[in-house]
Amino acid sequence: VYNTKHKLVYSTQSSEKTLAAPELGITNDEFNKLFSSNFKAHYFTKIDGKVNEVFGITVVPGKDTRHEGPAYGYIFVSRIMSQQVLDKVGDEVASSVKLIDLANTSKYSVNLDGKSGMISYKKDLKGIDNEIVGQLYVTYSSETIKFVGNVLRSSLLSGLIFYLVLTLILF
């Protein structure tokens, strides 16, 4: 929890492995910019070489449910995007999720394979100024995609054979 002068006034942690006073990875100017047009924030930052996901919201009196008045402070929640966290996310959506090194993104292809039913794509993790601080690589396998791919292939093949037979008959 931060006050209106951007000073940390309270913090807690979910494990002893995390920092006692979490860093937000932003300057005072960025702090002001973050809440200038919205009462909530979501961004990624890199601290000590690790990508962190940060959620923030303004603190207002209980009767100001739309956050229209001035902020009394700010609450932030942050988590390190470790492979353990990404494995849990992947389990929830039946996918494989990896944080990939920005220097090696070219070896991860974006793909839709109807034969195997596999979809793979990249998701940019953006900071406050929309700079890319990390990238996720997600793969998802689906029997439905495999089925549709097989139907389209067989339909396409059947259509091609029909066209060739019709062409031979007519000419």
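**Surface patch, hairpin and aromatic cluster in a predicted model**

In this predicted model, V1, V9, Y10, F55, I57, I75 and V77 make a nonpolar surface patch of about 600 Å² (patches consist of residues with over 30% relative accessible area and no salt bridge, like charges being joined within 9 Å and nonpolar side chains, namely Val, Leu, Ile, Met, Phe, Trp and Tyr, within 5 Å; a salt bridge places a side-chain nitrogen of Lys or Arg within 4 Å of a carboxyl oxygen of Asp or Glu). Two or more residues of this nonpolar patch come from each of strand 2 and strand 3 (73-80), where strands (E, at least two residues) and helices (H or I, at least four) are DSSP runs numbered from the N terminus. Y10, another member of the patch, is placed in the segment before helix 1 (28-34) and counts as exposed because its relative accessibility is 51% (buried means under 20% relative accessible area, exposed over 50%, and partly exposed in between, with a 1.4 Å probe and protein chains only). The areas were computed by the Shrake-Rupley method, with only the protein chains shown counting as cover for residues.

Residues are numbered from 1 along each chain as its sequence is written, and side-chain values use heavy atoms, with hydrogens and water left out. Local features need pLDDT of at least 70 and side-chain atom pairs count only at pLDDT 80 or more, whereas totals for chains, interfaces and linings use all residues.

Strand 2 (residues 50-59) pairs with strand 1 (residues 40-47) in the antiparallel sense over eight bridges, pairing being assigned if DSSP finds at least two bridges between two strands. I57, a member of the nonpolar patch, is the bridge partner of K40. The two strands form a hairpin with two residues between them, and D48 in the turn has a positive phi of about 55°. Within strand 1 lies T45, which counts as buried because its relative accessibility is 9%. Leaving aside residues up to four places away in sequence, T45 touches L24, G25, K50, V51, N52, V54 and V133 (contact means heavy atoms within 4.5 Å).

Three aromatic pairs were counted (rings of Phe, Tyr and Trp, the last by its six-membered ring, pair if their centres lie within 6.5 Å; planes under 30 degrees apart count as stacked, over 60 as edge-to-face and the rest as tilted). Y2 and F76 form an edge-to-face pair, at 5.7 Å centre to centre and 90° between the planes. Because Y2 lies in the segment before helix 1 and F76 in strand 3, this pair ties together parts that are 74 residues apart in sequence. Y2 is buried, with a relative accessible area of 9%, and F76 likewise counts as buried, at 14% relative accessibility. Ring pairs link Y2, F35, Y74 and F76 into a cluster.

Note on methods: Accessible areas come from the Shrake-Rupley method with a 1.4 Å probe; for residues, only the protein chains shown count as cover.
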